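Here's a quick briefing to read alongside the model. Have a look at it first, then go through the notes below.

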Amino acid sequence: LFSTPFSCVSWANLHMDLRAKEKNRQLFRHDTNGVLDKKPQLSLKQEIQELRGCAGCLTSEFNLTDVLFFCRKAMENVVDDDVTKRFSPQKLDSWNLLTRNNHNFCHISLRLKVVWVLGLLLRYGVLLPLRVTLAITGICLFLVLSTLVGVLPNTRLRSCLSDKVHLMGCHICVRSLSAIITYHNRQNKPQNDGICVANHTTPIDGIILANDRCYSLVGQLHGGLLGMIQRAMVTSSPHIWFERAEVKDRHLVAKRLIDHVADKTKHPVLIFPEGTCINNTSVMMFRKSSFELGCTIYPVAIKYDPRFGDAFWNSSKFGLVRYLLRTMSSWAIVCSVWYLPPMNRKEGEDAVQFANRVKSVIAAKGGFVDLKWDGGLKRARVKEAFKEEQQELYSRLVVGVSQGADNAASDSAKES
Amino acid sequence: MGSRASTLLREEEIEEIKKETGFSHSQITRLYSRFTSLDKGENGTLSREDFQRIPELAINPLGDRIINAFFPEGEDQVNFRGFMRTLAHFRPIEDNEKNKNPTASEPLNSRSNKLLFAFRLYDLDRDDKISRDELLQVLRMMVGVNISDEQLGSIADRTIQEADTNGDSCISFQEFIKVLEKVDVEQKMSIRFLH
């Protein structure tokens, strides 16, 4: 079941390579290593002093060559930067017979096109309808059962049943996405007394995790179908939904979270501190609010295999429904989930440092690039404060020396 | 999906760019991929906003000047040819190019052209002279609010005094070259592209 698409993909790539060689043309491969030959970066101070040294003026406070440092850095960032590529789907080394990944693999041969068309028919004609039917059945079943369980009085039986209903709902949804999940280090699975944090790639992340144990979700109450599902969920299990107005009130949010975590009978809270979907090649800045609460943190790393389907939700490009259609018409969603040992804030560590520590642990496990940049840069401009920081760093090189020169001048004036 | 055909680079275009800039075939296709990923409007050209969306470029004190260098005089859009032409200045100088036919036109990444690019970062009005005001402008961009006007003024005066040889209180391109004569411009103003 699994190996057929895989062998098709391998055959397709081999075929493309051969044909390209026939036509004596270099087959374009997305360079997954970037465009630049990355060498270790020196600090601003080191680079500018090197430049000044070349020009033969080590003692000057400013030199015309200083500008070369910023110039080259800027050009390097035009060609390749660390951030913008995190908000578009991961580029693959080879084609996986999905049209959406076909950026530059233009028409190679008729045979390949036939395979592609067959794949298309299979995915849209067979897999998609099956999966959609399964998903709709699953959601309806979940809504009905969850509401029914919610009617029962608040006893252990009820929580037991509600857990079973939630898990059943997740199992069906996972099947409908053809998700093949491997859980690692199950002994570290989150317990009832803490907050589970994970890197965020897609709304499906929640379902993937909830497939293994029940969590309490946090979020805003929506309208429509999603809102209906949310309300049904909360009748049988304590999720933390906020009205739109309440979301801004950070104290309210914090209080509700703390109260929830303190209650050992309630499930761990699931939070995605990045705040937005990233393309699963890196982990971006973790918002510190979850790390200020003083609760135990259970880090989880989720890594998707991009060869069978792109799980990343590019929310600025298309909406949720289109995303689900794309996901359900891919070959499969293959992912690995690593449960990491629980972490607590150390003495003398502030929330930001703690957040960064957890982030680097997740990045190391999942093989992600650990970035300090904010995921919010997907839509927003970078803050002026960062530019001011650069200006300040440079000014120190200019002022530091000239202050020395001024002191020397005033000293010599005093002497004479 | 519909405009896919127009976004593919044709072989003839690649050859032309190769001749003009000296980049290799694979470098051009890679840079084209980068160009299209920056082109959010998908219309085949980049605007200043497209550049400013790169956070590391936006926080660079000289970011705006560098972005400006991509755009021809008075224009708001740059196409892929223009993009490559500007990037060509930063291509490393290969050894075999140094012995090329001297009657051929000077390559974009020659030492002289690299220096001219740096000179033009200062000389905004393109009058081939860096005036005191132009120098102050660049200084102000680089230091922000951290240094007073007087101090900056005296730094500018000192710099011009040291570089100015013909006494016109401006730095000409020749005087600029003289100041930078010992700097390894080939290395400092080159980016190492993967082949």
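Is Ser169(B) buried, partly exposed or exposed? With 48% relative accessibility, Ser169(B) counts as partly exposed, given that buried means under 20% relative accessible area, exposed over 50% and partly exposed in between (1.4 Å probe, protein chains only).

This is a predicted model, so local features need pLDDT of at least 70 and side-chain atom pairs count only at pLDDT 80 or more, while totals for chains, interfaces and linings use all residues. Residues are numbered from 1 along each chain as its sequence is written, chains are lettered from A and ligands numbered from 1 in the order in which they are written, and side-chain values use heavy atoms, with hydrogens and water left out.

**Two serines with positive phi**
- Ser169(B) isn't a glycine, yet its phi is positive at about 55 degrees.
- You'll find Ser169(B) in the loop between helix H11 (149–163) and strand E4 (171–172) of chain B; helices (H or I, at least four residues) and strands (E, at least two) are DSSP runs, numbered from the N terminus.
- Over in chain A, Ser178(A) also has a positive phi, about 50 degrees, without being a glycine.
- Ser178(A) sits in the loop between H5 and E1 of chain A, and at 23% relative accessibility it counts as partly exposed.

**Helix H5 of chain A**
- H5 covers residues 156–176 of chain A, and its 21 residues reach 30 Å from first C-alpha to last, close to the 30 Å expected at 1.5 Å a residue (expected span: 1.5 Å times one less than the number of residues).
- Among the buried residues of H5(A) are Arg158(A), His166(A), Cys170(A) and Cys173(A).
- Those buried residues pack against helices H4 (110–151), H6 (204–210), H7 (224–236) and H9 (320–328), plus strand E1 (179–184), of chain A; contact means heavy atoms within 4.5 Å.

**Chain B overall**
- Chain B has 13 helices and 4 strands, and its C-alpha trace spans about 60 × 40 × 25 Å along the principal axes.
- Of its 195 residues, 47% count as buried.
- Residues 24 or more positions apart make up 57% of the chain B contacts with a separation of 6 or more.

**Helix H9 of chain B**
- H9 (residues 111–122) of chain B has 12 residues and reaches 18 Å from first C-alpha to last, close to the 16 Å expected.
- The buried residues in H9(B) include Lys114(B), Phe117(B), Phe119(B) and Tyr122(B).
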